[in-house]
Amino acid sequence: MMDKLKDYFKKNENMNETEKKDYENKKNIIKLTGCVLFIIIMIIYVNVMPHSNNQEQNNTNNIEENTILNELSDIKDNYKQKITISKDLEQLTIEREVLGNNEAGRQIIDDKETNYIFYEKEYYIITEEVPIKKDTTFDPYLGNDTTFINIENIIELINSSKESVDLTEEDYKIKRYKISLSDLIVIYNKANNAEIALKENKDINLNINYNENIESIEIDLTELFNLIYEENYKQVIYKIEYSDIEKIELDGIEELIKMAE
């Protein structure tokens with residue numbers, strides 16, 4: 001190889017002016033061709049790489065979204081949760097454990113707590129005076145709409161979202177779904193056999209706050225409540241927090257119900 005290189009340079013030294021000129025022209029053409037190829041490669045890189053990054057990010061988002069939907073599906077019949085309904089300055093909190101169609105919970109209004117059991121479509125109140133008694137008028141939600149406390153309806157909302165955005169807070173990550181009010185009303189009407197009509201379409205936000213598991217769900221229902229109840233709420237937020245996402249046991253409910261007055 002070294003001998004060939006020596007011969008090549010020796011040949012260049014022995015070239016006449018015309019040969020040297022031709023040689024320089026060919027060398028310049030080679031350099032120009034190399035520059036053009038480099039520019040083409042850079043153009044392809046600049047255009048292709050962002051697409052690849054976006055595709056990779058979208059794939060990551062899809063994985064997270066599938067995980068969220070799977071987790072919600074897994075807990076829809078058995079779960080512990082804390083529900084906070086905030087309407088302007090009013091706030092109601094319900095902490096409950098659910099197993100199938102039965103639940104045990106605590107209603108919290110200001111500093112007053114009421115413990116209850118919901119068993120075979122009947123509410124039972126637990127008090128100090130009487131261990132447990134049936135209450136046909138008790139409503140832990142105080143008449144507040146429960147449509148979007150239902151996990152199946154939340155899953156349907158997520159599936160109807162037109163886009164999602166990934167955010168990060170100090171304590172958790174957020175998957176924010178943007179949902180059209182029109183789609184929200186369609187789901188609401190179907191769930192309640194209602195005929196609420198859309199007046200003006202807007203976007204609402206549904207946030208899934210999560211780390212390894214779902215921490216909480218927040219949904220802004222201000223526009224829906226103002227439409228349904230013809231009110232002028234400034235803010236209506238439903239927040240569902242999960243202290244533990246796993247199957248639970250409500251042992252002893254049957255024996256407790258037998259003691260009811």
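**From a loop to the sheet and its helices**

Author: Asp110 is exposed, with a relative accessible area of 70%. The cut-off for exposed is over 50%, so Asp110 at 70% qualifies. Keep in mind that this is a predicted model.

Asp110 sits in the loop between strand S3 (102–109) and strand S4 (112–119). Its backbone stands out too. Phi of Asp110 is positive, about 55°, and the residue is not a glycine.

S3 and S4 are neighbours in an open sheet of eleven strands. The order is S6-S5-S4-S3-S2-S1-S11-S10-S9-S8-S7, and the pairing is antiparallel. Strands of a sheet pair through backbone hydrogen bonds, either parallel or antiparallel. Two strands form the edges here: strand S6 (133–134) and strand S7 (163–168). Each of them pairs on one side only.

S6 runs antiparallel to strand S5 (residues 122–126), and two bridges join them. Tyr124 stands opposite Lys134 in S6.

Next, the helix on the sheet.

Two packed helices are described by the angle between their axes and the distance between the axes. For helix H3 (residues 151–160) and helix H4 (residues 181–192), the axes come within 10 Å. They cross at roughly 150°. Angles over 145 degrees count as roughly antiparallel, so H3 and H4 are roughly antiparallel to each other. The crossing of H3 past H4 is right-handed.

Which residues make the contact? On H3 they are Asn153, Glu156, Leu157 and Ser160. On H4 they are Asp183, Leu184, Ile187, Lys190 and Ala191. The contact residues divide into four nonpolar, two polar and three charged.

Past H4 comes another loop. Asn193 lies between H4 and S9. Phi of Asn193 is near 50°, again a positive value in a residue other than glycine. Is Asn193 buried or exposed? It counts as exposed, at 76% relative accessibility.

Asp110 is exposed in the loop between S3 and S4. Asn193 is exposed in the loop between H4 and S9.

Technical notes:
Residues are numbered from 1 along each chain as its sequence is written. This is a predicted model: local features need pLDDT of at least 70, side-chain atom pairs count only at pLDDT 80 or more; totals for chains, interfaces and linings use all residues. Side-chain values use heavy atoms; hydrogens and water are left out. Axes are lines fitted to C-alpha atoms, for helices over the stretch in contact, and angles run from 0 to 180 degrees between N-to-C directions. Helices (H or I, at least four residues) and strands (E, at least two) are DSSP runs, numbered from the N terminus. Angles under 35 degrees count as roughly parallel, over 145 as roughly antiparallel, 65 to 115 as roughly perpendicular and the rest as oblique. A crossing is left-handed if the near helix is turned anticlockwise from the far one by less than a right angle, and right-handed if clockwise. Contact means heavy atoms within 4.5 Å. Ala, Val, Leu, Ile, Met, Phe, Trp, Tyr, Cys and Pro count as nonpolar, Asp, Glu, Lys and Arg as charged, and the others, Gly among them, as polar. Two strands pair if DSSP finds at least two bridges between them. Buried means under 20% relative accessible area, exposed over 50%, partly exposed in between (1.4 Å probe, protein chains only).
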